[in-house]
Amino acid sequence: MGKSWGERSFEVGNVLFLAMLSIITFYPLWHELSISLSSAAGAMQGGLFFFPRGFTLDAYKSVLASSFIWLAYRNSILVAVVGTFLHVLFTATTAYALNKRSLPGAKVITLLVIFTMIFSGGMIPTYLLVKSLGLTNTLWALMLPGMISAFNVIVMQSFMRTIPEEVEESAAMDGANPLRTFFTIILPLCKPVIATIALWECVGLWNNFMQALIYLNDKRLFTLPLLLKEIIAGQQLATDTGQFTTFAAESAIAATVIISIIPILAVYPFLQKYFMKGTMLGSVKS
């Protein structure tokens, strides 16, 4: 059937609107990329950047020549990988246990978990707790606090409820214990929601600035967001010789931003299909 004039007009308007929205969303990234490829003089001119001004890679050379950027990269990758693994593992085990009707006090525990979504201990009590545990000035301070998110537990629970109970009953009849059932049957079936939560946690840990600012003092433990703050504040980035380069300004900031987001941009396309599926499954009950 042919489309009416109104339907065609709506489609054209919708495409134009989404194209404009995409350009507005993409421009900040393009802006930083253009500045990072501009000369020091061109970057200092300000204004809108549609193309690099005085194309040069000196900003990247300046940033990559610093040993601090590689230490920050190592620390960020370590926090993101280990932290995401721990967050997902403990979120899945918590959700799996709370979904068991036979668990004594399951409703009370669930209420306590949900309670943490509404109320928290606050920054100072949390800092005192982390300090009393000896975690200050360690990367564990960025991974262990908040390891189990109530929101993630609810999302995981909703997904696990879509798995038929007969699957676990069949595994039990075959002699599988609860641990084997969980790791060999339940977790593989939860790949979409695991990928979704892993992406959320990985991005959150990678961009974690406040906790790094509060708990880390040793520059050897700085993560990329904290290093970027040091560059913006005009602190000495640079080279192993201790010389402050002229590019540790607008160009260096932009170059550090681009370098910092490369891992997330590289990982997201492989998790996108799981991300879309995981956010929808479990939200509708038949």
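This is a predicted model: local features need pLDDT of at least 70, side-chain atom pairs count only at pLDDT 80 or more; totals for chains, interfaces and linings use all residues.

Residues are numbered from 1 along each chain as its sequence is written, and side-chain values use heavy atoms, with hydrogens and water left out.

Reader: How much space lies in the largest pocket?
Author: On a 1 Å grid over the protein atoms alone, a pocket is an open set of points where a 1.4 Å probe fits, with protein on both sides within 12 Å along at least five of seven lines. Grid points are joined across faces, edges and corners, and a volume is the space filled by probe spheres set on the points. For the largest pocket this comes to about 450 Å³.

Reader: Which helix gives the most to the lining of the largest pocket?
Author: Lining residues have an atom within 4 Å of a point, and 18 residues line this pocket, with Tyr 96, Asn 99, Lys 100, Glu 165 and Glu 168 nearest its centre. Helix 9 (165-173) and helix 10 (178-189) are the elements that give two or more residues to the lining; helices are DSSP runs (H or I, at least four residues) numbered from the N terminus. With four residues, the most comes from helix 9.

Reader: Which element gives the largest share of the lining of the second largest pocket?
Author: About 340 Å³ of space lies in the second largest pocket. Of its 14 lining residues, Thr 126, Pro 145, Gly 146, Gln 211 and Tyr 215 are the closest to the centre. Two or more residues each come from helix 6 (123-132), helix 11 (191-206) and helix 12 (210-215). The largest share, four residues, belongs to helix 12.

Reader: Where is Asn 137 found?
Author: Asn 137 has a phi near 60°, a positive value in a residue other than glycine. Its position is the loop between helix 6 and helix 7 (140-143).

Reader: How many of the residues of helix 8 are buried?
Author: Buried means under 20% relative accessible area. Among the buried residues of helix 8 (residues 150-160) are Val 153, Met 156 and Phe 159. What covers the buried residues includes helix 4 (67-98), helix 5 (106-118), helix 10 and helix 11, where contact means heavy atoms within 4.5 Å. Of the 11 residues in helix 8, the number buried is nine.

Key:
Buried means under 20% relative accessible area, exposed over 50%, partly exposed in between (1.4 Å probe, protein chains only).
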